[in-house]
Amino acid sequence: RTRQRPPPRTRRHHPRIMSLRLRDLIRKVRDCKTAAEERAVIARESSAIRESFRNPSESHLIPRNVAKLMFAHMLGYPSHFGQMECVRLTASPGFPEKRIGYLGLMLLLDENTEVTMLVTNSVKNDLTHKNNYVVGLGLCMLGSICSAEMARDVAGEVIELLGHSNSYVRKKAALTATRVVRKVPELAEDFVEASEKLLGDRHHGVLLAACTLATDMCEMNEDICARMRAQVPMLSKVLKSLIYAGKSAEHDIAGHADPFLQVALLRLLRVLGAGDADASDAMSDILAQIASNTDGSKNAGNAILYEAVETIIAIESIGGLRVLAVNILGRFLQNKDNNIRYVALNTLAKVVAIDTQAIQRHRSVIVDCVKDTDVTI
C-alpha cells in the first residue's frame with residue numbers, strides 16, 4: 001500500500017484593509033455618534049495608510065493618503081508617520097502631488113522638525129520652476145515653516161523673485177521675505193532695495209505685502225527706517241488715490257476702496273513718522289483728509305479712522321491734527337457698539353500722556369462710561 005500525501009498547505013491571505021477616499025473618511029467621521037467610535041475609525045484608517053505607504057505598488061495613492069492624514073491631524077490624531085511622504089511628494093514632477101506635499105509639510109511639520117531641512121533642495125529647485133504656481137507653492141511653504149538656516153539658504157532666490165514679472169509671484173515673495181527677515185534680522189539690509197521698488201507697485205496684493213515687509217524692517221532697524229522715509233510722499237499719494245478712488249468692484253468693501261491696504265499704509269506711515277518732524281509734516285495733510293472724509297457708519301470706515309488716529313498720536317503731529325484725532329475718539333465713545341467704545345478708551349489713555357487739554361471736552365462722556373453696565377468699559 002502506498003501512502004497518500006496530504007494536500008499541500010496553502011497560505012491563508014487575510015484580506016487587506018482597503019484605504020478609503022478622503023470624502024468617504026470625512027463622511028464616516030461625521031456619522032460617528034461617540035468619541036470612541038471616531039477614534040476607532042481613525043485608528044483603522046491610519047493602519048491602512050501605514051500599510052499603503054509600505055507597499056510600493058500603491059505609490060499612486062500617496063497624495064490621497066497624505067490628504068487623509070491632514071484631516072486626521074486637524075482632528076488632533078497622530079500623523080507624524082506621514083512626514084517623509086510629504087517630503088517625497090514635494091520632489092515629484094506633477095503639480096497636484098507637489099501641492100499636497102507642500103500643504104502636508106505646512107500642516108504636519110514646523111520649523112523645529114529635523115525633516116524640514118531635507119526639503120531645502122527641493123524648494124530651491126521649485127523657486128526657479130517655469131510654472132508660477134509651483135514657485136508659489138515653494139514660497140507659501142517657506143512663509144509658513146521656514147527656519148533660520150533655511151532662510152539663509154533661500155534668501156538670494158527670494159530677493160530675485162521680488163522683481164518677478166508676475167504679480168502673483170511678487171506678492172508671495174514679499175510675504176516670504178517678511179518671514180526670512182523675522183527669522184534672520186541681519187538679512188534685512190539685502191531686501192531694502194527690492195522692497196522700495198515694490199512700494200510703487202500698482203497691484204494691491206503686492207503693495208499690501210510690501211507694506212508688511214517694509215513695516216517689519218523699519219521696526220527692527222533704525223537705519224532702514226531713515227532710508228525708507230524718502231518713500232513718505234509716494235505712500236501719501238497712494239493713500240490719496242485710495243480715498244478719492246471711484247467704486248471698484250474688485251477692491252470695494254462697504255463703500256471704501258481696499259480698507260486693508262489703507263490700514264497697512266497707515267501703519268507703515270506711523271513707523272516712518274515716529275520721531276521725525278519732516279516725515280510727519282509730509283504725511284499730515286493726507287492724515288487730515290482721511291480723518292475728515294472717511295465715513296464711520298460702517299466697520300471698515302471705523303478701522304481706517306482708528307488707524308489714522310493711532311498714526312496721528314504716534315507721529316510728531318501739530319496740535320490741530322491731534323484735536324481732530326481726539327474728536328474721532330469722542331465720536332467712537334458715543335457709539336452703541338461697546339467694542340468701538342473700548343478701543344476709544346484705550347486709545348484716549350495714550351493721548352492723555354501727550355495732550356491732556358485736547359481730552360478735557362470729552363470728560364463728561366468718559367465719566368458716564370464709568371457707570372456703564374459692561375465691566376470692561
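Visitor: At roughly what angle do the axes of helix H5 and helix H7 cross?

Guide: Please keep in mind that this is a predicted model. The axes of helix H5 (residues 95-108) and helix H7 (residues 132-145) cross at roughly 5° and come within 9 Å. Angles under 35 degrees count as roughly parallel, and H5 and H7 are therefore roughly parallel to each other.

Visitor: Which residues in H5 and H7 meet?

Guide: On the H5 side they are Phe95, Lys98, Arg99, Tyr102, Leu105 and Met106, and these meet Tyr133, Val134, Leu137, Gly138, Cys140, Met141, Ser144 and Ile145 in H7. Sorted by class, the residues of this contact of H5 with H7 comprise 10 nonpolar, two polar and two charged.

Visitor: How far apart are the axes of helix H14 and helix H16?

Guide: The axes of helix H14 (residues 259-273) and helix H16 (residues 299-314) are 9 Å apart, and the two helices pack at an angle of about 5°. H14 and H16 are therefore also described as roughly parallel to each other. From H14 the contact takes Pro259, Gln262, Val263, Leu266, Arg267, Leu269 and Arg270, while H16 supplies Ala300, Ala303, Ile304, Glu307, Ala308, Glu310, Thr311 and Ala314. The class division for the contact of H14 with H16 is nine nonpolar, two polar and four charged residues.

Visitor: Let us take another pair: at roughly what angle do the axes of H15 and H17 cross?

Guide: For helix H15 (residues 277-293) and helix H17 (residues 319-333) the crossing is at roughly 25°, with the axes coming within 10 Å. Because of that angle, H15 is roughly parallel to H17.

Visitor: Is the crossing of H15 and H17 left-handed or right-handed, and which residues meet there?

Guide: The crossing of H15 and H17 is left-handed. In H15 the residues Ser284, Leu287, Ala288, Ala291 and Ser292 meet Leu321, Leu324 and Ile328 of H17. The residues of the contact of H15 with H17 are six nonpolar and two polar, with no charged ones.

Visitor: Turning from packing to open space, what volume does the largest pocket have, and which residues line the pocket?

Guide: The largest pocket has a volume of about 270 Å³, and its lining consists of Leu199, Gly200, Asp201, Arg202, His204, Leu207, Met234, Lys237, Val238, Ser241, Leu242 and Leu261. Helix H11 (204-220) and helix H13 (232-243) are the elements that give two or more residues to this lining, and H13 gives the most, with five residues. Grouped by class, the lining of the largest pocket holds six nonpolar, three polar and three charged residues.

Visitor: How many cavities of 30 Å³ or more are counted, and which element gives the most to the lining of the largest cavity?

Guide: The count comes to one cavity of 30 Å³ or more, and about 30 Å³ of space lies in the largest cavity. Its lining is formed by Leu25, Ile42, Glu45, Ser46, Ile49, Lys68, Leu69 and Ala72. Two or more of these residues come from each of helix H2 (35-54) and helix H3 (62-74), and H2 gives the most, with four residues. By class, five residues of the lining of the largest cavity are nonpolar, one is polar and two are charged.

Key:
Residues are numbered from 1 along each chain as its sequence is written. This is a predicted model: local features need pLDDT of at least 70, side-chain atom pairs count only at pLDDT 80 or more; totals for chains, interfaces and linings use all residues. Side-chain values use heavy atoms; hydrogens and water are left out. On a 1 Å grid over the protein atoms alone, a cavity is a set of points where a 1.4 Å probe fits but cannot get out, and a pocket is an open set with protein on both sides within 12 Å along at least five of seven lines; lining residues have an atom within 4 Å of a point. Grid points are joined across faces, edges and corners, and a volume is the space filled by probe spheres set on the points. Ala, Val, Leu, Ile, Met, Phe, Trp, Tyr, Cys and Pro count as nonpolar, Asp, Glu, Lys and Arg as charged, and the others, Gly among them, as polar. Axes are lines fitted to C-alpha atoms, for helices over the stretch in contact, and angles run from 0 to 180 degrees between N-to-C directions. Angles under 35 degrees count as roughly parallel, over 145 as roughly antiparallel, 65 to 115 as roughly perpendicular and the rest as oblique. A crossing is left-handed if the near helix is turned anticlockwise from the far one by less than a right angle, and right-handed if clockwise. Contact means heavy atoms within 4.5 Å.
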